[in-house]
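Subject: Structure handover

Hi,

Here is the structure I promised to pass along. Have a look at it first, and then read on for my notes.

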Amino acid sequence: MNTTQSTALTTTVFPGCVPRLLTDQPGREDLGSYRRLGGYAALVNAEALLREVEASGLLGRGGAAFPLAVKLRTVRDNGRLIAATGGTVVVANGEEGEPASVKDRWLLRHRPHLVLDGLRLAAAVVAADRAYVYVSDPEAAHSVEAALGELGSDVRGVGIKLVTVQPGYVAGEETAAVRMINESLAKPTDKPPRPFEAGVHDRPTLVSNVETLANLPYLQRHGAAAFRAVGTSLSPGTFLATITGGGKLPALYELPHGVAFPELLARHGVSPGQLRGVLMGGYFAGLLNRTVLDTTLDHETMRRLGSGLGCGAISLITDDCPVAVAAAVLAYFDRENAGQCGSCFNGTAAMAAAAGALRDGAATTEDVDRLRRWSVLLRGRGACATLDAATNVAATLLDQFPEDVAAHLYGTCRDCARGVFRADRPYEAETGRNP
């Protein structure tokens, strides 16, 4: 087991899991160190690599778990249709707008060459001549700049440009990333078209999370069979999980998909008896109660529960009241929405107000009924998934924690009597600075 610590973050490779993404090297991995690991190996056959990606079953690590091979093939094929007027574009999306996640920032700060190597491989597969690294974290931006300085901005025929943006929950949405590169405005746009159809400068564009891209060098060197040696058949490989809450410092783990949740809990030093529930997949997938103790961490299991792994962020709820946690997350969505879709602007405000009233003992059963109705009717509206995230939080609170909701209706919540949980960015994960 490799374990490293910084000011506020522990990074750990799970026992028995050979690391693919995390390293125990302090600070930023330089070009020489990365090349000694086999990095930037010449790509002989882009089509062969695409077949390996397809065989690997690599799913996107940004939240949606969409198969990367499908994205790659679609962008490549769309690019061939317009080859006479321009090529394709690839964007490494490192704008980690999810406060409970640190994985992308860690990769960009510590292993920028791994991300850039994955970016150039993706560019080769889709025949892109232009690529971007899209970030909001200043230290990540500095790390990428240093890595590009070591390489030169042109990596095997692909021009790579760094684009920085102010951090925000919606800024990492793929159409917001494209719009920022095109117009310097990081707000989502209506779909269609999606970036794979018309993205940066109206070219077919692959927007892929940096952790997703960071898996491509491993696939190039070892192939699909080795990639599938850990994980499950439907969720192959390892993933990075940010764990917060539970009275512990944040930790970043590299885990095989399919690991039992109690194993992770034990590794993190939290006993099952302490756990009341979790915020799963960052803020997006909502809450789960203690049934999470009977689960494994893979996409198929989470989907069966009506939840999701999302970006791999898991916040442990131990001493905090789930009603107050949900109210804090909904208030965050109310502040962070893009303010350009009426359904989202008004819907997040209404749900946040209802949840806040419930937390404060001022809600009625009618307020709870309205919250339940909004959690259904508002789903799927707006240009991005912010409103879906808010409806997930509201729906899972009411479904997973009915006794806590009832306690707040009747003023009998013992947890809140000892002190109400309030946070602008609940369970935010801080990384500390590179040593």
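Below are my notes on the nonpolar cores and on one of the helices. Please keep in mind that this is a predicted model.

Let me start with the cores. The largest nonpolar core has 78 residues, and Val133, Phe261 and Leu297 have the most contacts inside it. Helix α5 (residues 112-126) supplies the largest share of this core, with nine residues. At least three residues come from each of domain 1 (27-228) and domain 2 (238-317). Apart from this core lies another one, of 45 residues, which includes Leu287, Ala327, Val329 and Cys344.

Beyond its neighbours within four places in sequence, Val133 is in contact with Ala92, Leu108, Leu116, Leu119, Val144, Ile160, Lys161, Leu162 and Val163.

Now for helix α2 (residues 46-56). Its buried residues are Leu49, Leu50, Val53 and Ser56. Viewed down the axis of α2, these buried residues fall within an arc of 120°, so they line one face of the helix. As a reminder, an α-helix has 3.6 residues a turn, so residues three or four places apart point the same way. The buried residues of α2 pack against α3 (68-81), α5 and α9 (216-227).

At its start, a side-chain oxygen of Asn45 comes to within 3.0 Å of the backbone nitrogen of Glu47. Just after the helix, Gly57 adopts a positive phi of about 70°.

Key
Residues numbered from 1 in each chain as written. Predicted model: local features only at pLDDT ≥ 70, side-chain atom pairs only at ≥ 80, totals over all residues. Heavy atoms only, no water. Core = buried A, V, L, I, M, F, W, Y, C linked by side-chain atoms within 4.5 Å. Buried < 20%, exposed > 50% of the residue type's maximum accessible area, 1.4 Å probe, protein only. Helix = DSSP H or I, 4+ residues; strand = E, 2+ residues; numbered from the N terminus. Domains from an automatic or database assignment. Contact = heavy atoms within 4.5 Å. Arc of directions from axis to C-beta. Polar contact = N/O pair within 3.5 Å; in protein donor to acceptor, adjacent residues only side chain to side chain.
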